[in-house]
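Try each task before reading its solution.

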Amino acid sequence: MFLDSTGLGIDKSIFIKPNTLHLTVQMLKLWNTNRIEAAADVLRRVSPKVMDALERRPVYIRLKGLQCMPDRGTPPKAYVVHAPLEVIGGIDRLKRACRVIVDAFVEAGLVLEKDANRGLLLHATLMNAGNSKSKTSGKTEPFDARTIFAQYGSEEWGECYIREAHLSQRFVYDGNGYFHCCASIPFPEEKQGAFPMMKNFFQKMFSTVK
């Protein structure tokens with residue numbers, strides 16, 4: 001995946017760092033160690049149900065195009081831009097698996113009501129105005145994404161195999177540059193040679209500690 005910000009008039013700090021590229025399942029509010037440990041335990045306990053929801057078959061995805069998050073602006077005044085997700089062979093299995101994870105977190109009281117009511121929107125964020133290092137005040141300002149939509153709006157970003165689901169901690173990073181992993185569960189294993197045309201590997205899906 002490559003986006004060239006040269007000549008687009010966009011602060012490059014808005015772009016997500018390649019090492020942290022991910023699919024977001026659910027934002028959690030885990031403000032102490034006990035809640036982090038509780039969330040990790042919930043994730044591990046639902047692993048068999050997640051495997052069942054995925055029918056114990058590998059998950060491959062394709063990312064194509066650009067969209068503004070529904071509640072985060074429009075191309076002329078964008079706040080968050082993401083790549084729409086397509087699951088090769090149908091998205092229903094992945095949605096069911098994510099619903100198992102989200103429902104377990106909600107039942108455990110680890111999701112704020114306003115977040116629980118938003119519904120499931122699997123996405124890969126590519127640009128976020130909140131990351132801008134050119135802020136002149138504490139307020140997040142939108143950016144003009146019309147040029148980048150015109151140039152990359154139909155771009156095929158690639159296809160990949162989803163290896164696992166992570167409970168990851170924002171703003172804390174492991175040695176590989178990815179968010180610190182508090183817990184993880186595996187997805188069904190890829191069959192050797194089953195998908196030879198993969199171009200990009202998004203290694204992790206995750207729910208985020210905030």
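**Exercise 1: a pair of strands**

Find the bridge partner of histidine 82 in β8.

Solution. Histidine 82 has threonine 125 as its bridge partner in β8. Next, look at the strands: β6 (residues 80-83) and β8 run antiparallel and are joined by four bridges. Strands here are DSSP runs (E, at least two residues) and helices are runs of H or I (at least four residues), numbered from the N terminus; two strands pair if DSSP finds at least two bridges between them. Finally, step out to the open sheet, whose three strands follow the order β3-β6-β8 with antiparallel pairing. Its edge strands, β3 (67-68) and β8 (124-128), each pair on one side only.

A note on the model: it is predicted, local features need pLDDT of at least 70, side-chain atom pairs count only at pLDDT 80 or more, and totals for chains, interfaces and linings use all residues. Residues are numbered from 1 along each chain as its sequence is written, and side-chain values use heavy atoms, leaving out hydrogens and water.

**Exercise 2: a hairpin**

How many residues lie between β10 and β11 in their hairpin?

Solution. Start with the pairing: β10 (residues 164-173) and β11 (residues 179-186) are antiparallel over seven bridges. Alanine 165 stands opposite isoleucine 185 in β11. Five residues separate the two strands, and glycine 177 in the turn has a positive phi of about 90°.

**Exercise 3: around phenylalanine 143**

List contacts (heavy atoms within 4.5 Å) of phenylalanine 143.

Solution. Setting aside neighbours within four places in sequence, the contacts of phenylalanine 143 include Ile10, Ile14, Tyr79 and Met127.
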